[in-house]
Amino acid sequence: MGRGIARQSANYYKNKFNIWHTNPPIKGVENKHGIFNRLKQLEFLGIQENNCKMDLFLKESWNKEIEKYLSKKKKLIGFQIGASTISRMWFSDRWIKLGKKLLKLYPNIQIVLTGSLNEKKLTDEVEKGINDKRVSNLAGQFSLGGAASLIAKLDLLITPDTGPLHIAFALKTP
């Protein structure tokens, strides 16, 4: 994580728009999540804040998008397979191995494959590899709000560092 923050700080200092700023660049907080850098930038405006809590408020229409896709009788384990860069992702064989192991150990779970339509090829590969009726491939099925509602209904989301991770954090989904 430290290298990511260092890279982010370096990019901030090399930002081509810095010539338009009247204030000097603010050095980022090393070895901490990027949100701390955003809070540090607020200090320039005189805002002293250290609360990193994120909130996301779901619309009822988003909840209705997902209702028919989920089992009410099973624990729901989400797999967010894709990420913005390949370096953040697991290989499909690892997702398949994890899925098979979880389904063997816990017969009362449903694995929900999440993701965007662009990630459907990845989720199709994992679904085929696990080959179990308790796997629901829902990648690309919902609006962004519907995907957030789906994440809120999960008992657990397993994900790389990507947008759905931050949505889960805001919704308090483990």
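Here are some numbered points to read alongside this predicted model.

1. Start with the inside of the protein. The largest nonpolar core has 14 residues. Those with the most contacts inside this core are Leu-70, Val-112, Leu-138, Leu-150 and Ile-151. Two helices, α6 (144-153) and α7 (163-171), each supply at least two residues of the core. As a general background thought, nonpolar side chains tend to be buried together in soluble globular proteins.

2. Helix α6 deserves a look of its own. Buried in this helix are Gly-145, Gly-146, Ala-148, Ser-149, Leu-150 and Ile-151. What covers these buried residues? The cover includes helix α3 (60-66), the strands β2 (109-114) and β4 (156-158), and helix α7.

3. Next, visit Ser-92, in helix α4 (residues 92-105). Is Ser-92 buried or exposed? With a relative accessible area of 11%, Ser-92 falls under the 20% cut-off and therefore counts as buried. Its side chain makes a polar contact with the side chain of Glu-125, at 3.5 Å. Once neighbours within four places in sequence are left aside, Ser-92 is in contact with Glu-125 and Val-126.

4. Asn-131 is worth checking for its backbone. Phi of this residue is near 50°, a positive value in a residue other than glycine. Where is Asn-131 found? Look in the loop between α5 (120-130) and β3 (135-137). Asn-131 counts as exposed because its relative accessibility of 67% is over the 50% cut-off.

5. Lys-172 also has a positive phi, about 65°, although it is not a glycine. This lysine lies in the segment after α7. Its relative accessible area is 58%, so Lys-172 is exposed.

6. Then go to the side chains of Ser-92 and Glu-125, which make a polar contact. End at Asn-131, in the loop between α5 and β3.

Note on methods. Residues are numbered from 1 along each chain as its sequence is written. This is a predicted model: local features need pLDDT of at least 70, side-chain atom pairs count only at pLDDT 80 or more; totals for chains, interfaces and linings use all residues. Side-chain values use heavy atoms; hydrogens and water are left out. A nonpolar core is a set of buried Ala, Val, Leu, Ile, Met, Phe, Trp, Tyr and Cys residues joined through side-chain atoms within 4.5 Å. Buried means under 20% relative accessible area, exposed over 50%, partly exposed in between (1.4 Å probe, protein chains only). Helices (H or I, at least four residues) and strands (E, at least two) are DSSP runs, numbered from the N terminus. Contact means heavy atoms within 4.5 Å. A polar contact is a pair of N or O atoms within 3.5 Å; within protein, one must be able to donate a hydrogen and the other to accept it, and residues adjacent in sequence count only if both atoms are side-chain atoms.
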